[in-house]
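Please read the following briefing alongside the sequence and the structure. It covers a helix residue, salt bridges and a surface patch.

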Amino acid sequence: MSTMVATNKKGFGAALWDYLTTVDHKKIAIMYLIAGGFFFIIGGLEALAIRWQLVKPMNDFVSAGFYNELITMHGTTMIFLAAMPLIFAFMNAVVPLQIGARDVAFPFLNSLGFWLFLFGGIMLNVGWFTGGAADAGWTAYAPLSTTSLGEGVDYYVLGLQISGAGTLMGGINFLVTIVNMRAPGMTYMRMPLFTWTAFVASALILFAFPALTVGLFLMMFDRLFGSGFFDPAMGGNAVIWQHLFWIFGHPEVYILALPAFGIFSEIISTFAKKRLFGYTAMVFATVLIGFLGFMVWAHHMFTVGMGPAANSIFAVATMAIAVPTGIKIFNWLFTLWGGSIQINTPMLWALGFIPTFTLGGMTGVMVAAASADFQYHDTYFVVAHFHYVIVGGVVFALFAATHYWWPKMFGTVLDDKLGKITFWLFFTGFHLTFFIQHFLGLMGMPRRYWVYLEGQNLDLGNLISTIGAFLMGVGTIVLLINIIKTSVKNEKVSGDPWDARTLEWAIPSPPPFYNFKQLPLVRGLDPLWIEKTEGRKGMTPAEPLNDIHMPNNSFLPFVISLGLFIAGFGFIYQKHDLSWLIVLFIGMGITLGAMLVRSVKDDIGYHIHKEDLKKEAEE
């Protein structure tokens, strides 16, 4: 018995070390999925606390100050620590397989990006335990953020800096991977839609995140070192923060939404048993959305006093971006038209997404009208619109992708009955929660308010909204039960359980660590479907069986990220006591030392010999 326990401990320790040091994109995807799922639950609990506070007039469930922390951390957690990493989980798991690559272009950088995100996310939440989390709203508008007492906003600034660096690395990595590592025959116009949307989203990351980085640096200097970039009394300008934030913030919506569009394109095509209608138009619409996404940021600022000319320009650009999105909606509908539609959990999410996201887009055009926005601005109408886009688009897509790609990542299929229960609970709860908020907003209920008075006809709407939020929570619990049940049963499935169309389904589930023994030859759009229709069981190889070069695992990404995490505390607390500079130097010493080791160490990886691959095939 003691021997068995020791063996199990050793096995767990080896597995833990493997994940701490891995540079394999598939394991990094699993880590993104677990970490993003954890933060999604944290953000969801914060949302439930917000809704419970608003369940009745003049409620005292939480204090006003704690409510400010809840709304700030809910928004920040859901956008930066849940939606982004979960999108990255599926990009990591799927994109290299869809383009026929053995890994991403920079495996070390991929690992470093994950650990930076995780340590940045932890730092963001440290404030809960040290006297108060950030309390200036998830957009952290100056001067509220620069004058906020305590260290909560400092954790926000440093946490987002560290986490954002990881996201930027991930974006660059996927750009290079998609440009350079496509299989023979995989031209740009043969790439699956999910790969295209990941490509455009990565380009948006490359251009959008530097604006946030600059803004956060300026805020860090204002808060920690006494500068006045956003202080008018010192010659600064508080509105500049809004510009910097939204130059990042609006492309961020499309960084999240475009991969969601790609996910639904894959699912609708697979389960309608049809090639995606209007593939070329979908690609150009994706690129156009990415381009126009940088030209609409100031529609968040119509009431700030930019003047009628600027407001008109941004209003027109905002309305224009609805056109390529509309193209996508019609193309999904035409793909369904005449298809042999299979209704299962991923397809239910796709069918629920189309009308939901259309409604979110419609209210987006409403708030794009600058004169009308003076009525909608800072009310629950905007809250409802935002959640119809982000939850109705992105979160629906993440639930769909979890069910669709779970067999590829883990080799098992999630229970379809439980999946449908999750869908109906979450879908019903979502519309109960947010549809009524449009009307609450039109009735004048401001967002971010802690309490509301009796006799304002806001009671029933808020009660319905809170009931819906708890239904969404129950739906999420059912998904967790589904994951546990599926993992315990561990019934393995084939590499292609959906009879799908793209390259990731051409190899076993879960894939071997080298992905493809021989790079596949791509002969058109939906390459696996082409091979199936011609009677072949798998992909035609594009090369003879050769040795495969693989990268070594490395502990350095974890160490680099840990050093920055430690240094963050030194930065924050040196404003109280200069002895904290020691912590700063220790943290930066760890990071720079690990970077030096990486620079001078000759790490050339290793080879899997073709004889071993032949033996594996024979077994």
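Why does Leu418 count as buried? Leu418 counts as buried because its relative accessibility is 17%, where buried means under 20% relative accessible area, exposed over 50% and partly exposed in between (1.4 Å probe, protein chains only). This is a predicted model, in which local features need pLDDT of at least 70 and side-chain atom pairs count only at pLDDT 80 or more, while totals for chains, interfaces and linings use all residues. Residues are numbered from 1 along each chain as its sequence is written, and side-chain values use heavy atoms, with hydrogens and water left out.

**Helix H15**
- Leu418 lies in helix H15, residues 416-442 (helices are DSSP runs of H or I, at least four residues, numbered from the N terminus).
- Beyond its neighbours within four places in sequence, Leu418 contacts Val478, Asn482 and Lys485 (heavy atoms within 4.5 Å).
- Also in helix H15, Asp416 and Lys420 are four residues apart, about one turn of the helix, and they form a salt bridge with closest N and O atoms 3.3 Å apart (a side-chain nitrogen of Lys or Arg within 4 Å of a carboxyl oxygen of Asp or Glu).

**Other salt bridges**
- Asp496 pairs with Lys532 in a salt bridge at 2.5 Å between the closest N and O atoms; Asp496 lies in the loop between helix H16 (459-489) and helix H17 (527-533) and Lys532 in helix H17, so the pair ties together parts 36 residues apart in sequence.
- Glu531 and Arg523 meet in a salt bridge (3.1 Å, N to O), and bridges that share partners join Arg523, Glu531, Glu534 and Arg536 into one network.

Conventions:
Helices (H or I, at least four residues) and strands (E, at least two) are DSSP runs, numbered from the N terminus.
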